[in-house]
Amino acid sequence: FKRRKFSRSWKRKFQNYTGEHKNGFQIAWLLQGAITSQVLPWVAFYSGYSFLIVLLAQRLELTSSFDVGGGIAHIVLSINLLLSFLLIFRTNAAHDRYWEGRKLWGSLVNTTRNLARGISITIDRESSPIDSPIKEENMKLIDAFCVAMKIHLRQEEFVEEELMILMSNSRYRQLYKSGHPPLKIVFWLGEYLQEQYLLNRINLYQLNTLHKLLDDLVDILGGCERILKTPTPIVYSLFLKQLLVIYCLILPIELAVHFNFWTILIMALFSLILFGIEEIGSELENPFGRDPNDLPLDFICNTISGNIQELIKSNQARLTD
Amino acid sequence: FKRRKFSRSWKRKFQNYTGEHKNGFQIAWLLQGAITSQVLPWVAFYSGYSFLIVLLAQRLELTSSFDVGGGIAHIVLSINLLLSFLLIFRTNAAHDRYWEGRKLWGSLVNTTRNLARGISITIDRESSPIDSPIKEENMKLIDAFCVAMKIHLRQEEFVEEELMILMSNSRYRQLYKSGHPPLKIVFWLGEYLQEQYLLNRINLYQLNTLHKLLDDLVDILGGCERILKTPTPIVYSLFLKQLLVIYCLILPIELAVHFNFWTILIMALFSLILFGIEEIGSELENPFGRDPNDLPLDFICNTISGNIQELIKSNQARLTD
Amino acid sequence: FKRRKFSRSWKRKFQNYTGEHKNGFQIAWLLQGAITSQVLPWVAFYSGYSFLIVLLAQRLELTSSFDVGGGIAHIVLSINLLLSFLLIFRTNAAHDRYWEGRKLWGSLVNTTRNLARGISITIDRESSPIDSPIKEENMKLIDAFCVAMKIHLRQEEFVEEELMILMSNSRYRQLYKSGHPPLKIVFWLGEYLQEQYLLNRINLYQLNTLHKLLDDLVDILGGCERILKTPTPIVYSLFLKQLLVIYCLILPIELAVHFNFWTILIMALFSLILFGIEEIGSELENPFGRDPNDLPLDFICNTISGNIQELIKSNQARLTD
Amino acid sequence: FKRRKFSRSWKRKFQNYTGEHKNGFQIAWLLQGAITSQVLPWVAFYSGYSFLIVLLAQRLELTSSFDVGGGIAHIVLSINLLLSFLLIFRTNAAHDRYWEGRKLWGSLVNTTRNLARGISITIDRESSPIDSPIKEENMKLIDAFCVAMKIHLRQEEFVEEELMILMSNSRYRQLYKSGHPPLKIVFWLGEYLQEQYLLNRINLYQLNTLHKLLDDLVDILGGCERILKTPTPIVYSLFLKQLLVIYCLILPIELAVHFNFWTILIMALFSLILFGIEEIGSELENPFGRDPNDLPLDFICNTISGNIQELIKSNQARLTD
Amino acid sequence: FKRRKFSRSWKRKFQNYTGEHKNGFQIAWLLQGAITSQVLPWVAFYSGYSFLIVLLAQRLELTSSFDVGGGIAHIVLSINLLLSFLLIFRTNAAHDRYWEGRKLWGSLVNTTRNLARGISITIDRESSPIDSPIKEENMKLIDAFCVAMKIHLRQEEFVEEELMILMSNSRYRQLYKSGHPPLKIVFWLGEYLQEQYLLNRINLYQLNTLHKLLDDLVDILGGCERILKTPTPIVYSLFLKQLLVIYCLILPIELAVHFNFWTILIMALFSLILFGIEEIGSELENPFGRDPNDLPLDFICNTISGNIQELIKSNQARLTD
């Protein structure tokens, strides 16, 4: 056997993250492209603005009258300090939300594993061959819950193919009409467990344990909805954006005296960096979308689906023994 | 089907947050207006003060005698650093409280969902048609708890319409007289569960599980009361405000030499930024009010209400089957 | 009905916090007075010291020989940076402890509510009228636990009036002699529950649930004791204080050159700010005392007491039905 | 007896950490060598680049035309500030993940201890001598779970020797073919417990408790997978790296004027420090590899193995009594 | 009665912390002495080094050629910023570990209280006078667990006196030979509980509750071992130390020009401050030793011992009734 070196390259990290093979440049292009395309208008605006300022400074010989040196540098520094702090506050808040979202989906993986294994093992022993399809159907519902939750969090229309293969047609229609599909699926699973209990196929303890896992699913769903629905206080985001705009309006006045037309390049770089960081924060604070920087929900759903398929297979194998 | 692009615009975020449709400017006007109206007196004061300082500096030719350059700049920088740190401390503390408040209301959504589903499913099977109105009444009480808690946290007088439709007249009168309405409602729910247990309609396990959910409601209520009653240590807020006032009194002395009458504009901007951040912190540290920047408690209550109505309906549908 | 505007004034926040009505100036006087009185000696010392430095600088024409400009400014800036970081570290650590203390007392409110309601409802049904006084006595013991814990955390002598009305004379004497009164009360409550169980008045489940709440009381008590007994590592506090002292000894040397006798005023302000922040941290890190900036334990105890009194009353009302 | 002084030397800390004896220089060589080897290309590049810049500055007498002093210093300072903040953000995020990983492996130690003791004590009393090998086999499976999880997290091929001695040949082959070996082992343990329950060797309570511990194992596994699969948002890491590259491209332009050829040395040092901190963050954010700075998983696995071996021995001793 | 003023003096805080009476100077001497003695070699080295630099600067008239002013000041400032951030990171990490260690020992106090009370109350009623010594012996074992854990965490040889009085001679010999004494004691307590259950002296519920407390003890032990065994990533500590060394090597070059022989004093102060903060972090990150700045484990163990002694006494009193 060989020991694969655990590389720290982005290529490897990206593959672990999304399951896709890409080289470093493709990753940068994909991830940063999404950010840059949003920031580009600002960069263009400030490049043009700097050009005007430099022109003005040269034409009107403003250099001397603007030679307020320490004064404007001090203002710039003061705002700079506050701006850096607020950017970091924004970055931290966004990252916390991103990571909390990831934790919730991590719990989803664990909870579905435990729930599927619980249904598979606990109800297995007493079930007749006739009930096996019903059990399978309900195990598929766990998978369907994750898919429905994914769609719900993305606020998209329902995708037929993905969900239809996981349930009967009648149920799919019910789901389509329902106001809150993931909750509906949890309700069905709850009913199934209650029935099995009334049929004496699981005892009260096991029912409680499995119901607890359903409650966990609802809690995970609620946690994700909370992240989706409540952004970092919008008033802070507005404030930070305005401060950024003002800072970048003042900055060229200071730079023009020193750098002439280099100012344009410098301002392009600065606005790219500052608005870029702000944009990443705005992007990550809701990590459930389809942007390249969002969480790889499809990948996680596939993992869950694979786990459940394996359990269903090993379940069928045991019945045919 | 079409895949709605998950936009990162404020418009979309605001809609997720409050359920209202507004464009970017309306949002900024609404959210920042509430802050600015509080900060404006300070902005006005410091504009006037700067005007006086500049005037003084020009009339008395103070420029030369005040040309202490590095000295005053150093003081300003020292206070600036400390001020930035304290502002960020304040901002973090306020945001933590805001987010904790949001988490508690998120748990409230989950807990009421589980409680209502628990009552609906668990007591369903054994109940006679006669008891159905009583069950509905108690499910409505869960909704009433949220509304009463909202009013309690806002420290408002009771709003008749909202609560009266959720309970009988006699109970409403009792509630009106009660010292702590939300706790009263929890007490009623507890009594209802105990009765159902004595009537053998739920077993001891289920009673325990449901009682646990009631305790969770009390804990959520207690958590919100804690946030409401205990601000960030007031002595810090006082201290920060005073430091802000002093800083803005010293700053124009430095600026006047460099910028003449531009000082007024700069000071207006600076006081707007600094007092603005402080005001946002003051606003967010108690997120249960009716200000535009507070949590959308009405929106959350409506969500809860909708969930419970749906459960009651599907409950009625099952009984008529 | 009228909707009270949810004001963000300190007046309102202070009223929520302590239950007392005071205007803004009284609050500032009360809260900051406690800090300032501790800091004043330092302010006085550094004012005098600055006076001497300025005098020396003028008499001996030190200005020229001390014109080391950038050098001393750089030292001051370096220490300033480190000092700001350490002050913020101190502030955060103190605030975390303050807030953890508040959370524990918030849990105390919740736990006593649940415990009192549990005893009231669970044991109610089977109890004969004769036992009612015993039940009341034990519900009062919950109140007594909070009062005893308050006194314990304040490390004060026992206050007769407050505790005597909550228990029999013999018990009060036992408590007075006990090494750890709050633990003694928990022990009594545990014995009461065990007795009720042996008398078959509560079942094993309910006993367990109530015992769990007693354990929670012990955990809350232990958490508060931990905050009381373990300050932020004293070596940090010492270090910070010494750094402050050194910084304020160096600072006037730089300022004297620029500001002459204004240095005294500036140093008074600086030492007030820096030692003030340090003092607030020192004050808040143990929030269980009687200082105005400590947690309003009396107010919280009164809330708990009121909750329990109400439950006792509604209990009596039901018995007389 | 003697009281060993609890030394704070790195030697001692390293020994506690990995169980290996090394002196200070060996530790520095081992730990920092792994980092430096990654950073060296950057150091080389920037040394060369600085050399060119200095040459250019001298040949073309750029000194005068580049004497933009304050301007470029200001840019450098602005980026410096932002860079420091982002480096600290990165460092904190990486350290949090490292520490969370360590906590999970700490829980693994505790959980396996409790699980092994649970199986040993609970099933002991009722087991016949015949079952003893089966019990031992299952206790070894707990050990195998940890080894399989280690290999899984390192994304390595299976190591025969380590796992083969812990289970039968047939099971090892099954494991080799399985898609997710650690989950497979948990499944086997679950089946064993279920069997013991059906054979009436443990009661329902004990079954539940032990099953809960199995669920904990799955949660720990899931937590580690989450850390493995989701890096700190890659877009931040990319951004930080690019900012570092740009900063180090601009810096020599400022330094060249002041330091001449010393610039090369200074830049080598600066790039070593800055890229070094970035590299440590990149390294620690996935702490499950085989790099010297990763968690000592082999050491922890040996500890677990030792604990279980001891329990098996004391179990055998009791049976032979 | 008198109300003791809750003083904020270090004297009082130190007394609460360690139970010892010392005045402010003794505390500073004790706590800072331990740090300073480690830092002194560095202070001496840098004083000498500064002396050499100043000498060199004067002899060779380096002043002029070294007049690179802004350049070296900028380097110093850049490193200063990064250094401050890393020092604060180190400080925070160390303090978190210190505080987590304290929390674990706080939980130990609570858990042993609950465990001892549980054994005392639950098994009390059914026990015959003959069993009383056995119960006492096992309650003393709880105390012995804490002592053994303390010794284990300090990695010291066993102290005879402390442990021998808490158990029989045979057990002490077994413990002495055991590889992991605290785990051994937990094992004995588990066996005792299992025996009482088989003798029908406690029911299954109570057994579970008490076993859960034993598991908590193991978790606390595991948490402390984790803190002991895993330092803040050593590579960071190495990095920070090296950065400190480099910074202090560069600093005098800047200072020598300005301050002449005062540089020596300033450098002594600076190295004392910087290496001091680093040393405190190194000290606190493992808080289980015998240094004055470590947690007062002996004091906490005495508290636990006192609690258990009181319970044993009140237990004996009840039996003689």
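**Reading the chain interfaces of a predicted model**

User: How many residue pairs in polar contact does the rule find across the interface of chain A and chain D?

Analyst: Across the interface of chain A and chain D, 10 residue pairs are in polar contact, with both residues at pLDDT 80 or more. A polar contact is a pair of N or O atoms within 3.5 Å; within protein, one must be able to donate a hydrogen and the other to accept it, and residues adjacent in sequence count only if both atoms are side-chain atoms. This is a predicted model, in which local features need pLDDT of at least 70 and side-chain atom pairs count only at pLDDT 80 or more, while totals for chains, interfaces and linings use all residues. Residues are numbered from 1 along each chain as its sequence is written, chains are lettered from A and ligands numbered from 1 in the order in which they are written, and side-chain values use heavy atoms, leaving out hydrogens and water.

User: How many salt bridges are counted between chain A and chain D, and which elements give two or more residues to the side of chain A that touches chain D?

Analyst: A salt bridge is a side-chain nitrogen of Lys or Arg within 4 Å of a carboxyl oxygen of Asp or Glu. Between chain A and chain D there are three. In one salt bridge of these two chains, Arg113(A) meets Glu225(D) at 3.3 Å, N to O. The elements of chain A that give two or more residues to this side are α1 (10–18), α2 (24–59), α4 (70–124), α9 (204–229), α10 (234–259), α11 (262–284) and α12 (297–320); helices are DSSP runs (H or I, at least four residues), numbered from the N terminus. α4(A) has the largest share, 20 residues. By class, this side of chain A holds 33 nonpolar, 17 polar and 15 charged residues, where Ala, Val, Leu, Ile, Met, Phe, Trp, Tyr, Cys and Pro count as nonpolar, Asp, Glu, Lys and Arg as charged, and the others, Gly among them, as polar.

User: What area do chain A and chain D bury between them?

Analyst: The size of an interface is often given as the accessible area lost when the parts come together. Chain A and chain D bury about 6300 Å² between them, 64% of it on carbon and sulfur atoms; buried area is the loss found with a 1.4 Å probe, summed over both parts. The contact (heavy atoms within 4.5 Å) joins 65 residues of chain A to 71 residues of chain D.

User: What rotation superposes chain A on chain D?

Analyst: Two copies of a chain are related by a rotation about an axis and a shift along it. Here the rotation is 72°, with 0.0 Å of shift along its axis and an RMSD of 0.0 Å. The two copies are thus related as by a five-fold rotation axis. Superposition is by least squares on the C-alpha atoms of residues with pLDDT of at least 70 in both copies. Only 8% of the interface residues of chain A are also interface residues in chain D, so the copies meet through different surfaces.

User: How many residues does the contact take from chain B and from chain C?

Analyst: Chain B contributes 71 residues and chain C 65 residues. These two chains bury about 6200 Å², 64% of it on carbon and sulfur atoms. Three salt bridges cross their interface. Asp215(B) pairs with Arg117(C) in a salt bridge whose closest N and O atoms are 2.7 Å apart. α4(B) gives the most to the side of chain B that touches chain C, with 15 residues.

User: Which residue forms a salt bridge with Glu285(B), and is Glu285(B) buried or exposed?

Analyst: The partner of Glu285(B) is Lys13(C), with 2.7 Å between the closest N and O atoms. Glu285(B) lies in the loop between α11 and α12 of chain B and Lys13(C) in helix α1 of chain C, so the pair joins two chains. Buried means under 20% relative accessible area, exposed over 50%, and partly exposed in between (1.4 Å probe, protein chains only). Glu285(B) is buried at 1%, and Lys13(C) is buried at 9%.

User: Where does Asn200(D) lie, and what is its phi?

Analyst: Most residues other than glycine have a negative phi. Asn200(D) has a positive phi near 65°. Asn200(D) sits in the loop between α8 (181–198) and α9 (204–229) of chain D, and at 66% relative accessibility it counts as exposed. Gln155(E), also not a glycine, has a positive phi of about 55°. Gln155(E) is in the loop between α5 (132–154) and α6 (160–164) of chain E, and at 17% relative accessibility it counts as buried.
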